Structure formats: structure tokens, C-alpha cells
Amino acid sequence: MSKSSALCQGCQSRFYDGYNQHEHIQKAPAAPPTEFVYERLPDKRRSMRLLNLFSSSPENPQIECKLVVVDIETRCSLGKEYEALSWCWGTVQPTSYINIRKNGRIYSKKVQPDLLAALKALRHPQEDRYLWIDAICINQADIGERNHQVEMMSTIYGQAMRVCVWLGEGDATSAMAFKFIHKEVLQLQNFDELCDSKEASKKWGALLDLMQRRWFSRRWVVQEIALAREAVIYCGADKIPWKDFAVAVELFVEVETATHRLSEVMKKDPQFYHVPGWFEYVSALGASLLVEATGKLFRDTKSIAAAESDRRCDKDRLVAERAGRQPLLSLEYLVSSLSIFDVSVEHDTIYALLAIAKDTTPSASDSKLTPEPSLVPTPIRKPYHKSSELLLDRTKSVLEDFTQRKRYTVAYESPYVDVCKTFIQFCILQSDPTRALDIICRPWAAEDKKSSHEKQAFYENSRRQIPQEIDMTLPTWVPTLSGAPYAMYAHAGVHTLKMGRKNADTLVGLPTALQRNYNAAETRGIDRKTLRFRKRLEGNMHFSMYVKGFVLDTVEQVYPASQGGAIPQEWIDAVEWRDVDKSDPPDEFWRTLVADRGRDGRNPPVYYSRACKESFLKGGLPSGSVSTSDLINNERCSVVAQFCRRVQAVIWNRCLIKTKSAETKRDNIGLASKNVQKGDFVCILYGCSVPVILRRCEKKKTANELAKEREEDFVNIVTCLQRRWKRKFERDRRGRMARTKRLLMRLLRTKGTSMNSSDPMILWYITRKYGTRWRRIVKSRSLARRETRGLLEGVTPGTSDSHSDSPGPLGESQDPIEVHHEEHGEDSRRTPPPVGPPQPPQTPRSVPLPQTPGTSAYTDEDERKRLEREEAVNAWDRGFKDWLKKVPEDEDDERWYYYQFLGEAYVHGMMDGEAMEHQNTQDIKTSLFELR
């Protein structure tokens with residue numbers, strides 16, 4: 001009896017029925033295509049790649065495309081406009097593949113799965129589509145190319161016909177949110193009923209989930225949306241114009257911030273009733289900040305409307321659009337206010353906002369592009385190419401003195417600590433001198449989460465030398481995002497991450513020109529002459545910042561920090577408020593709780609005193625603290641809720657301190673970081689609008705450390721001067737080469753010759769005449785050797801090169817022509833006859849015999865000058881060494897110590913110029929603090 005067979009659906013092989021187990025036949029996998037290798041762009045400042053996405057049916061799982069190199073201004077080879085894709089990189093490793101056609105072959109490139117899904121969603125079934133995608137169109141392994149592409153980012157997104165925003169794969173919640181916006185939110189005539197409808201609670205929750213998608217937390221999206229001519233949001237198969245989405249978000253945030261009506265609606269739903277304040281911090285979400293920021297980044301003038309109405313060519317229209325969009329916000333403001341947006345590369349904390357700031361223009365660093373092996377000989381570059389670029393850069397640098405926008409260098413190859421230092425230095429130079437140091441009080445720097453191994457791999461892959469400071473940690477004067485007011489984290493009773501407060505707001509506020517919260521240093525601005533940054537790489541590596549100020553008080557007592565915005569019982573005991581129910585709160589206490597300011601940064605409302613007492617009576621003080629959160633969520637009193645929200649913004653994760661002045665022995669209360677300790681100094685830094693906390697190092701510097709630092713500072717100054725001279729000399733030399741080339745070409749055209757600018761003879765002539773100063777150098781060295789030889793042989797200096805026909809010591813005439821061998825330090829000229837008593841014959845290369853007394857080779861005058869020069873050099877060396885070893889005699893001199901920066905502080909009664917008056921009356925000396 002024959003056995004029947006069946007077909008295995010797994011490996012497509014036959015097996016007999018009745019067998020319980022079947023061993024699948026392992027087929028050899030198909031060989032993957034060769035990995036795609038980028039070619040260098042022909043012009044780093046004008047070229048870019050575009051992805052030509054081939055059309056295909058939605059059922060095709062493969063993505064077929066090719067990369068096209070075009071000129072960023074003309075794009076003549078396309079014949080159609082392109083679109084730019086804005087998507088979220090995330091932390092997922094690239095595991096999917098796309099197929100890229102090149103020279104008749106197919107290559108593969110790894111991409112993230114989310115990017116593959118975006119390409120499938122954007123693919124047209126009938127026609128090709130041109131897209132610009134940063135992960136594909138930029139060679140991410142080439143640091144030089146990345147620098148230049150970031151420089152052109154504003155042009156890339158500004159010229160794109162449309163920016164396609166990809167939020168990710170869609171689901172039922174996202175579909176509900178898109179439908180909710182289209183059908184209900186945008187219908188303003190029914191918006192009030194919608195805000196009170198119990199049935200709309202799930203829809204508002206779906207909109208909140210959509211606003212919390214990962215894409216809205218990227219920092220690059222601010223620039224991408226702000227520069228877009230048109231933007232469309234895609235989420236799976238759904239899409240919506242960005243303008244409609246922005247209107248829905250603005251209405252959502254406005255209603256919740258003003259009345260908190262939507263949080264009340266959520267309580268009506270049994271699914272959400274146990275979570276109070278569901279939309280409490282919706283205004284701090286990335287989507288809310290993005291909509292708000294893009295609405296006030298630019299001021300659009302009438303030129304845009306004229307460009308849209310007139311039917312002009314694309315180039316004229318783009319020029320009109322650029323002229324009609326005026327940036328309004330500074331780089332310092334953007335970096336400080338958009339701290340909620342995350343980056344995958346720490347450098348993008350700054351670089352992602354350069355193109356939309358009013359005071360910066362991104363410029364690629366001068367580092368060369370990553371070298372790669374070439375299969376064809378490299379042609380000789382035209383001599384005017386480099387000179388024209390240099391002339392353009394020089395022109396830009398001169399024009400910067402008359403414009404607000406300054407060139408800001410993009411250098412991904414630099415260590416992150418250098419990028420942070422450059423940003424702080426830029427902000428100090430650009431901002432108001434009386435508020436220049438406020439930047440070190442605002443949390444803005446992304447934390448460096450990469451390990452030492454990952455950093456080394458990055459530099460090895462980019463074929464660059466690993467810097468010595470690769471493992472240097474950020475100094476304390478670079479505030480990290482760990483101190484940011486808000487963050488996404490898990491809340492009790494909520495199944496997803498939710499925006500919430502984790503720290504108090506900064507006291508210095510945002511750098512706006514119309515408002516400043518405090519004025520502790522009054523009109524005393526930062527001293528830019530003494531401000532300096534020093535990187536020490538030997539021993540204990542650190543980065544120092546030197547600023548001037550004075551010590552105001554010393555921290556005498558530290559009380560427990562506020563947890564979750566609650567007011568601890570110890571704070572009440574510290575101010576000796578005994579009878580809470582019978583007496584009013586001490587004036588200095590309730591003003592300290594709100595930092596003596598209202599929500600708008602002005603003087604606090606007069607009702608805050610009564611609201612403070614009401615809060616302590618109803619806030620659960622017998623339990624050990626006053627819960628401001630319970631008062632906001634449960635107490636039906638808007639006045640108390642408003643006061644408690646202001647208290648939370650001031651005291652969250654801060655501790656109450658008592659300070660004492662060494663001069664007057666008076667006590668002050670204030671607020672400071674929870675890391676403050678007894679004995680820390682409350683200082684006023686010139687150029688900072690609030691007091692700060694500094695902690696002096698426990699161990700003094702040694703005399704050798706001071707001498708080493710002083711020597712490094714001297715070397716740095718000399719090196720800086722040499723670098724400036726070298727740049728100036730290089731600019732002048734290149735300018736002379738360019739002028740000589742133009743004059744030579746004009747002369748050749750006049751003579752009617754056919755020689756062109758690429759002729760090697762022209763390049764040789766220009767290089768020979770202006771490429772190096774070889775003639776002057778050779779002449780000076782030749783003269784020096786002649787004078788030295790003349791002194792050794794008793795010849796008067798300056799006469800050794802005379803053309804004498806007298807015979808030499810061997811009966812040969814002297815040849816007046818010299819041949820110098822600099823690499824061996826020799827001179828082939830024969831020794832001339834000595835002056836004085838006859839000497840034994842010598843060969844031309846022999847050393848002169850010692851002279852007898854009375855026949856010295858040096859004259860008395862030459863010997864005296866030589867000894868004077870040597871004595872002057874030795875005296876300078878001794879003085880320099882003595883200067884290095886000189887240490888301060890005062891043991892309390894600030895040069896013996898360095899300080900850690902512990903953040904800003906509030907000291908009651910010292911926030912509006914009283915500290916400067918105290919310094920003048922008590923004659924407190926100014927110190928130079930070294931912050932590490």
C-alpha cells in the first residue's frame with residue numbers, strides 16, 4: 001500500500017502522511033545585494049542628493065529607488081519639485097532594507113523599520129516621487145558632509161514643495177483623533193458644547209495621545225515645520241494639513257490652560273475619573289510648544305503674498321519668500337525655551353536651531369571632508385577656486401559687523417563639551433551684559449549618554465583622530481536637562497507616559513528683551529576682559545570658566561526639600577510661624593514661597609497673603625506638609641489653586657535655606673537647589689540677574705598646579721596670537737594670489753595668447769611668486785650664515801660675500817655661487833682665507849683650529865654684543881620661571897581654590913539691587929571665581 005504525500009507549507013517540500021514530525025529542508029538564503037556606497041558630492045556648498053522613489057503598487061513589499069545629485073539652487077535635472085520628509089529617528093537600529101539603483105546595478109541600504117513604513121505610505125502607484133530624507137540623502141558617516149548639509153538645511157526645507165510629516169503607523173486611537181479634528185474640533189460654532197460633552201472625553205484623550213507621539217519630541221522638527229511652505233501630517237493611511245492640526249492644538253491648550261474645563265470633563269468618564277488633572281500640563285507638551293513656536297518664529301511681510309499672487313519663476317518666488325520671512329527669536333531663547341525636545345546626537349541641541357534664529361547663520365567647519373580612496377587621478381584644481389571661497393568668507397566676516405546674524409560654525413567632529421562652551425560664549429557676547437550669565441542658570445544641555453567605547457567607535461568610523469578629552473564630563477557651569485521643569489514620565493493610574501512637572505521653573509526666566517524677573521547685580525555687567533575659558537587636559541581633566549563677582553552670604557542652615565510641590569512642616573518652624581489659624585503668615589515667608597513674583601513675572605498679587613493662610617488651614621498641615629496638589633485638584637477655589645500653582649513653580653525640588661552675612665551677621669531666608677549644603681557660598685556674579693550658589697573645593701591647589709596653570713595660560717595666549725597672525729597672513733597671501741591671477745590673465749588676453757587659467761605654467765608662476773616667501777627666507781638664511789662664518793674666521797660681517805678673485809688656501813679661486821643644503825645644515829662654499837697670522841692648511845669642510853691668545857675670531861664689540869644678548873635671554877628665562885613660581889601670599893586668595901556651580905538661588909531682600917548696595921556699604925572685595 002503506497003503512502004500518500006502532503007506538501008509542507010513551511011518549506012514547500014513533500015512528506016508522507018502519518019508522520020508526526022517533519023524536518024524542514026533548509027534552503028540557502030538568497031545572496032543580499034551589495035551594500036550601497038556613497039559617492040562624494042561634486043560641490044559641498046551647492047549640491048545635495050534627492051531620493052527618486054519609484055512608483056509601485058501598495059502590495060509590493062520592496063522599495064525601489066535611486067539617488068540623484070542636483071544643484072541646490074537650480075535643480076535643472078529634475079524637471080519637477082521635490083518634497084522633504086520629517087520623521088523620527090528614534091533609537092531603533094536599522095534592520096530593514098531598501099533597494100537603490102546605481103549604474104545599472106541594485107544595491108541595498110539599511111534603514112529603520114519606521115522609515116520603510118513611511119516610504120511605503122508615500123509611494124505613488126502611478127508616478128515617481130522625489131523626496132529629501134536626511135537619513136538617506138546625507139552620508140551620515142562623513143562628518144564634513146554632515147556639517148555642510150546642516151549649513152544648507154534652511155534652503156533644503158525652504159525650497160521643498162511640501163514637508164511630509166510621518167508620525168508612524170496608525171491605529172484606532174489615531175484614526176479617532178484625525179476624525180475628531182476634521183468633524184468636530186474645527187467646527188467652531190459647536191466648540192463650547194464639545195468642551196462640556198461627556199461623550200467627547202475619549203476623543204479628547206485620543207487627541208492627547210496623538211500629541212504625545214514620538215515625533216513631537218524631536219528638536220529638528222521645529223526647524224522643519226517653521227521653514228516649510230506647506231506641511232501635511234501622515235499617520236498610517238490618515239493625513240491632515242498641518243494648519244488644521246495647529247488650530248486644534250491651539251484651541252485645546254487655550255481652553256485647558258484658562259479654565260481646566262477639559263480635565264473636569266475627563267472626570268465624568270468612569271475610565272478617567274480616578275486621575276485628577278488629566279490635562280494639567282498639556283501646554284508643556286512638545287506638540288503645544290511646537291505650534292506656539294512656529295507661530296512666532298517669523299514675521300511674514302507682504303512680499304510673500306505678492307510672490308504667491310504673481311506668477312513668477314521659482315527662483316524669483318523663493319527669493320521673495322526669503323526676503324519676506326524675518327526671524328524674531330534669538331538662538332539663546334530658542335535653546336532655552338525648547339528644552340523639552342530631544343535629540344539623538346548631543347550636538348543637535350544647538351545645531352538644530354541655527355537656521356531659524358535671528359542672530360545666527362550656520363556655517364560648516366573648515367575641516368576637510370572624510371578622505372576616501374579614489375579610482376581616478378584627481379584633477380588639478382583651478383587656482384582661483386580656493387581664493388574665491390576665501391574672499392567670500394572674508395567678505396562675510398566683514399559684513400557681520402553690520403548685521404545681526406553671525407556665522408555659527410557647525411562641527412560635529414568637535415567634542416560635545418567644546419560645543420557647549422562655544423554656545424555659552426556666543427550667548428554671552430550677543431546678550432545684554434547685565435544678563436549675559438543667565439544662560440548658565442537655565443537647563444538646556446542634553447546629557448552625554450554615550451559610553452567611552454561608543455565615542456571611540458564614532459571617531460574611528462569617521463576616520464578622525466580620537467580627541468584626548470573624549471571622556472571629559474560636562475562642567476557644572478553647563479546646566480543639563482536633568483534640571484528641566486517638565487518631562488514625560490509614568491504617573492500612578494496612567495497606562496502611558498504623561499507630561500508632568502519634575503523641577504521648579506528657573507528664576508532668571510527666558511531671555512526676552514521686554515521683561516526681566518530680577519536684577520540682583522543691578523547695572524554691573526559681565527567683565528568680558530577677565531572672562532575666559534580654559535581646558536586642562538593633564539592630570540585631572542577639567543574645563544574652567546573664570547568670572548568676576550563677590551561673596552554675599554554663607555549658607556547657615558538647610559531645611560528639607562519640597563517633594564511634589566508640598567510645603568514641609570520644617571519650613572514653618574524655620575520662620576517661627578506659631579499660630580497658623582490665628583495669625584497671618586510672615587511677609588518674608590509667603591513672598592519667598594512665590595519668589596516675590598506673580599505668574600507673569602511682575603509683583604505678586606495682594607491676595608497671595610490671604611491665599612497662603614487659607615492653603616495652610618486646608619492643605620493637611622497636621623500630616624507633616626501642605627499638599628498643594630490636593631488643594632489644586634480638590635479645593636473648589638480658583639484663588640487658592642492659582643496661588644498653589646505659583647508655589648509649585650517656585651519650590652518644586654528646592655529647599656529652604658537660611659544665610660548669614662559675615663559683615664553684618666544678619667539672617668536671610670531663601671530657596672536653593674536640593675543639593676546645597678551648609679557652608680556653601682551665596683554669590684553675586686557680575687552679569688547674572690539672580691544670586692547663585694558656589695561650593696569651594698575642599699583641598700587647595702598646590703604651588704606646582706598654580707605654576708602649571710599659569711604656564712598653560714601663557715602658552716594659550718601665545719598660540720592664539722600666532723593663530724591670528726597665521727590666518728591674517730593666509731588671507732593676505734590668498735588675496736595676492738587672486739589679484740595676480742586676474743592681472744596675469746588680463747595681460748595674456750591683451751597679448752592675444754591662448755593660454756587659459758588651467759595651464760600649469762600659470763599655477764607654477766603664482767605659487768612661485770606668492771605661494772611661499774621662499775626668496776626672502778633663503779636670502780635671510782644665506783646672509784646669516786655668511787655673517788656667522790665671517791665672525792668665526794675673523795672677517796668683518798657683511799664682507800664675506802664679496803666676489804674676490806684671490807686664490808684660496810689651496811690655490812683655487814673662490815666661486816661666488818652658493819649652493820645651500822638646508823636638510824644637512826651644510827654649505828658647499830670653500831672657506832675663504834683667514835685674516836691674521838697664517839694658519840695650517842684646512843680642508844673646505846674641516847673645523848677651524850683653536851685660536852692662540854690674542855688672535856680671537858671675535859672682535860671685542862661682537863663678543864660684548866653676544867654676551868649681552870645671552871645675558872638678556874637668561875635674565876628673561878629666570879624672570880619667567882620666577883613669575884611662574886610666584887604664588888599668592890594670602891591663604892584665602894581665590895586663586896588657591898576652584899568652585900562648583902550649584903545653580904541659582906532666591907534670597908529674600910537681595911534680588912533687586914540690594915546686594916550691590918550691601919557690597920558698597922560693607923566694602924566687600926571683588927573676586928575672580930574659577931568654576932569647574
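Leu 53 in strand S4 has Cys 65 of strand S5 as its bridge partner, and S4 (residues 47-53) is joined to S5 (residues 64-71) by seven bridges, with the two strands running antiparallel. Strands here are DSSP E runs of at least two residues, helices are H or I runs of at least four, and both are numbered from the N terminus; two strands count as paired if DSSP finds at least two bridges between them. This is a predicted model, in which local features need pLDDT of at least 70 and side-chain atom pairs count only at pLDDT 80 or more, while totals for chains, interfaces and linings use all residues. Residues are numbered from 1 along each chain as its sequence is written, and side-chain values use heavy atoms, with hydrogens and water left out.

S4 also pairs with strand S9 (residues 129-132), again in the antiparallel sense, over three bridges, and there Leu 51 has Leu 131 as its bridge partner.

Is S4 buried or exposed? Seven of its seven residues are buried, so the strand is largely enclosed by the rest of the structure; buried means under 20% relative accessible area, exposed over 50%, and partly exposed in between, with a 1.4 Å probe and protein chains only.
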